[in-house]
Amino acid sequence: MQQSQRLPFFALITSLCASLTHADVPAGEIKLSTEVQARQDLVQTALGREEADLLIKGPTVLNVFTGSWLENQDIVIRGERIAWTGASGTWPGKAKQTLDASGEWAVPGFGESHKHIESSYLTPEYEAALVIPRGNTWTVEGSHELSNVVGEHNVDFWLAAEDAGSPLKIFPAIGSATPPTVYEQGGGYYGYGAMRDFLREDLRVVALGEVMDWPAVSNRDAPGNQRIWEMIQATWDFRGVVEGHGSGMTDVNEINAFAAAGLSSDHEVRLAEEGLAKLRSGVFLEVRTGAMPILFPKLLAEGISDWSNISVTTDDRDVAATTQLGSMDYNIRTAIEAGVPVAIAYQMGSYNTARHFRIDHLVGSIAPGRYADVVLLDNPETVAITRVVANGKLAGKGTEYLLPIPKIDYPGWARNTIDIGREITAKDFAIAAPAGRDSVNVALMEPFYFAPDFIHDTLPVSDGLVLPDMQRGISKVAVVDRYRGNGGVSKMFWRNVGPLTPGSALASSQMHDIHNIWTVGNDDAAMALAVQTVAEMHGGWALVKEGKVVARVELDIAGLMTSRPVAEVGAEMEALFAAADEMEWIGAPGLPERMRFAFLTATPWKWQLVAPYEGNPGGFVNVTTGETHAVVW
């Protein structure tokens, strides 16, 4: 009975769809896309009728579809794409140039399943120069760092370099954390309409980036519930992929709920059993290097034979660390060192990710129709790269980038993003005590503190002001609103972080994920100087020692990146680290660079310091419940 009732409905839908097709448009009136035209050219070259631009001759090629190595192959390239692959010498056509790769191994260009390019401190055209020689030719960009700054201009920014000729292909995953919580306000706000438009306007937009606000997803009455589910719906409505963020999520019920919500991936796996449970629940794992020695031996011991739902990725790595360690080459090498079979490790660095994001017709394999991204190796077991071809051009040799870097004139919306609205002074960081007190109760935090309640302590009062206690490792931390032009400052005390050298402070506009300006110090004037220096640079890092700025890194694009050469930015970072090494610090020696991640408001954080907002001028809030609390009482 139910089936017979459905038939008329489906017949009606079929009729309507037929009436909406282009079947009645005469041939020749539809303009063929550049994609279709490129593939028309590839057909002719594959058949040997039209000339190729480049022939890579003789390498042993990894076929990611079968997981096998094919000896003595040729790769025929026309324009930016592969036209033909097969046994060397058997293609019937001619090529303008030949690249002899006899005795080498060829693997597909590496692709990042989850990376924040912003964390490298480089704009995309310079990121290309850094990572392409290391094999990384395409990236799924988790864009919420930038989206919280530039809002509607997010996709325009990420595609500008490629459109200007850079061979690094960026597939934006739109930042779901825009804003990260209802308690934060930045330069962007995304809902259903924004997500719909991003997906509709450019096919390179592939996903909703990591859905981080699990309390909003999982609680029907949470303030952000409607917005995040509308973004998820828009993504599915326009056939995108919904990415997840399951940090600290180890309970089997929560893992099931995470997968049931449609959050398709997780890059936050840290424990072996956690990773196995998520994999068994259908979650695509995007594994960072820190988890590989823990997770991969477990999967091997469990006899896992299908690794297609696993990738390796970077997430966050700055220019200095990438120069020292590597990019995706380092990730794949770490997987191999953890015991993963060599061919599978390369699949995890290319094809698996391409399939997950439904872009395997473009990237992820050495096969006809795909972009001509080929990494040549003299030893696949050590990921020893000799040369890299990207978009059909020889782009890297050793660690040298061989192609010109396009000049991009970034507009004001990317450059002028710091709006404090006034001069920040030492008084902004003073914390007043209740009248008549010689000591006070304080709320304490520390970096990466996830407990359900904050830490309680007492601190001394002098001249009506609460003082840090450096001998006990308690310093002052503040967040300055960079967006609204009102100079809002929230401040409190943190333990186990900060400079011990007198008159010192550190500040940065790299503050995941909202990217206000944070500062930590032992002197209010030093904190003010550090923040003002960051603001005057339009973003970056500033280190103050004994009342003077001793190091700075200029990040003038969105306060997150800079459009300057790799070596120049790397040298500034090294100088910052070196200056910090000359100072004394609470706890671990050296620059507390990880502080840029210490203000996250995603799972598993509970209490956090954010910029002042309506109803909470102190900015101290439990981001899972909305509860607020004074920082001194």
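Q: At what angle do the axes of helix α10 and helix α11 cross in this predicted model?
A: The model is predicted. Helix α10 covers residues 272-280, and helix α11 covers residues 292-301. Their axes come within 8 Å and cross at roughly 60 degrees.

Q: Are α10 and α11 parallel or oblique to each other?
A: Their axes cross at roughly 60 degrees. Angles under 35 degrees count as roughly parallel, and 65 to 115 as roughly perpendicular. The pair is therefore oblique.

Q: Is the crossing of α10 and α11 right-handed or left-handed?
A: The helices in question are α10, residues 272-280, and α11, residues 292-301. The way α10 passes α11 is right-handed.

Q: Which residues of α11 meet α10?
A: From α10 come A272, E273, G275, L276 and L279. By class, the contact residues of both helices divide into six nonpolar, one polar and two charged. On the α11 side, the partners are I294, L295, K298 and L299.

Q: Why is α6 roughly parallel to α8?
A: Helix α6 (residues 192-201) packs on helix α8 (residues 225-237) with the axes 8 Å apart. The angle is about 25 degrees. Angles under 35 degrees count as roughly parallel, so α6 and α8 are roughly parallel.

Q: How many charged residues are in the contact of α6 with α8?
A: The crossing of these helices is right-handed. Y192, M195, R196 and L199 of α6 touch E230, M231, Q233, A234, T235 and D237 of α8. By class, five are nonpolar and two polar, and the charged residues number three.

Conventions
Residues numbered from 1 in each chain as written. Predicted model: local features only at pLDDT ≥ 70, side-chain atom pairs only at ≥ 80, totals over all residues. Heavy atoms only, no water. Axes fitted to C-alpha atoms, helices over the stretch in contact; angles between N-to-C directions. Helix = DSSP H or I, 4+ residues; strand = E, 2+ residues; numbered from the N terminus. Parallel < 35°, antiparallel > 145°, perpendicular 65-115°, else oblique. Left-handed = near helix turned anticlockwise from the far one by under 90°. Contact = heavy atoms within 4.5 Å. Nonpolar A, V, L, I, M, F, W, Y, C, P; charged D, E, K, R; others polar.
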